[in-house]
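Subject: Structure handover

Hello,

Here is the structure you asked for.

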Amino acid sequence: SPHIRESRADLGKGERKMKILSIGNSFSQDAQRYLYRLAKKAGDTFKTVNLYIGGCSLRTHYINALEDKADYWFEYNGDYPGLAVSIKQLLISDDWDVITLQQASHFSAHYETYTPYLENLLEYVKKYCPHSKIYIHQTWAYEDGSERLRDIGKFDTADEMFKNIREAYAKAAQTIQADGIIPCGQAMLNATKMGIQKIHRDTFHASYGAGRYLLALTWYKALTGKDITNNDFDDFDEPVSDKERQIVIKAVNAAFND
């Protein structure tokens, strides 16, 4: 698509039109909840689609693709029309500018769970969408104190889990020569270190207000290159205070400098 193939010098100039498909789970659901509306308020035209199965791993995505299983909830522009679809149905349904891939959060810190499913899934995607850009959605660590930290890897802290996540996603991106990484995990960890009170809602998913706002901003900045410093999107499912907004924006900007 010509929209995403502009030079770096052109990024941030004028309206952006972009079609984005995520082969994901509840973490991409969190990320996409506000993305369409946030982009619209910023003057851009996005189409955002998430293929949702809760906790879905790369292995399961690949098996579902091979078997053409219509087991996914179709989520369109952050909402839920209630349709069941397959990966292939969505791949061939439009000319996607960006397709995102990710590992299930409980496997995300363990690179050995990515391969060979990530490479095989990419081959399947490229068969139907050879010109789409492929971005890796870097998921995030569980909250400090979450029982899940020890359950999925004997981690004591979010820092420990994210260290492994960052390394795994970096290796994954290199393995498939991805066009970019969306650094949500880094942004989420930054926000906690910068003093935000609650960025998770249940120790692992993003909070409905500040958490999902942070994710949308991270995707928006990663995909458009536009400045988010004065972003004023405010159509949230739960309130976001001025202080939280300031921390979120600062955390997202910092994620692109780490």
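The lining of the largest pocket divides into 8 nonpolar, 4 polar and 5 charged residues. In that division Ala, Val, Leu, Ile, Met, Phe, Trp, Tyr, Cys and Pro count as nonpolar, Asp, Glu, Lys and Arg as charged, and the others, Gly among them, as polar. The space in this pocket comes to about 220 Å³. The lining has 17 residues, and those closest to the centre of the pocket are Glu-143, Asp-144, Ala-158, Thr-192 and His-200. The largest share, 5 residues, is from α8.

Before the rest, a word on the source. This is a predicted model, in which local features need pLDDT of at least 70 and side-chain atom pairs count only at pLDDT 80 or more, while totals for chains, interfaces and linings use all residues. Residues are numbered from 1 along each chain as its sequence is written, and side-chain values use heavy atoms, with hydrogens and water left out.

On a 1 Å grid over the protein atoms alone, a pocket is an open set of points with protein on both sides within 12 Å along at least five of seven lines, a cavity is a set where a 1.4 Å probe fits but cannot get out, and lining residues have an atom within 4 Å of a point. Grid points are joined across faces, edges and corners, and a volume is the space filled by probe spheres set on the points. Helices (H or I, at least four residues) and strands (E, at least two) are DSSP runs, numbered from the N terminus.

The second largest pocket has a volume of about 150 Å³. Its lining consists of Gln-138, Arg-166, Tyr-169, Ala-170, Ile-181, Pro-183, Gln-186, Ala-255 and Asp-258. By class these are 5 nonpolar, 2 polar and 2 charged residues. Here α7 gives the most, with 3 residues.

Ile-181 also turns up in the strands: in β7 it is the bridge partner of Ile-136. Strands β6 and β7 (residues 180-182) pair in the parallel sense over 3 bridges; pairing requires that DSSP finds at least two bridges between two strands. Strand β5 (residues 98-101) pairs with β6 as well, in the parallel sense over 4 bridges, and Leu-101 stands opposite Ile-136. Together β5, helix α5 (residues 117-128) and β6 make a right-handed β-α-β unit. Of the 5 residues in β6 (residues 133-137), 4 are buried, that is, under 20% relative accessible area with a 1.4 Å probe and protein chains only.

How many cavities of 30 Å³ or more does a search of the whole structure find? There is 1, and about 30 Å³ of space lies in the largest cavity. Ser-28, Gln-29, Gln-32, Arg-33, Asn-50, Glu-75, Gly-78 and Tyr-80 line it, with helix α1 (residues 26-32) giving the most, 3 residues. By class, the cavity lining has 1 nonpolar, 5 polar and 2 charged residues.

Lastly, Ile-87 lies in helix α4 (residues 87-91). Ile-87 counts as buried because its relative accessibility is 1%. Leaving aside neighbours within four places in sequence, Ile-87 is in contact (heavy atoms within 4.5 Å) with residues including Ile-23, Leu-51, His-61 and Tyr-124.

Regards

Definitions and conventions: Buried means under 20% relative accessible area, exposed over 50%, partly exposed in between (1.4 Å probe, protein chains only). A crossover is right-handed if, with the strands pointing away from the viewer, the path from the first strand over the helix to the second runs clockwise.
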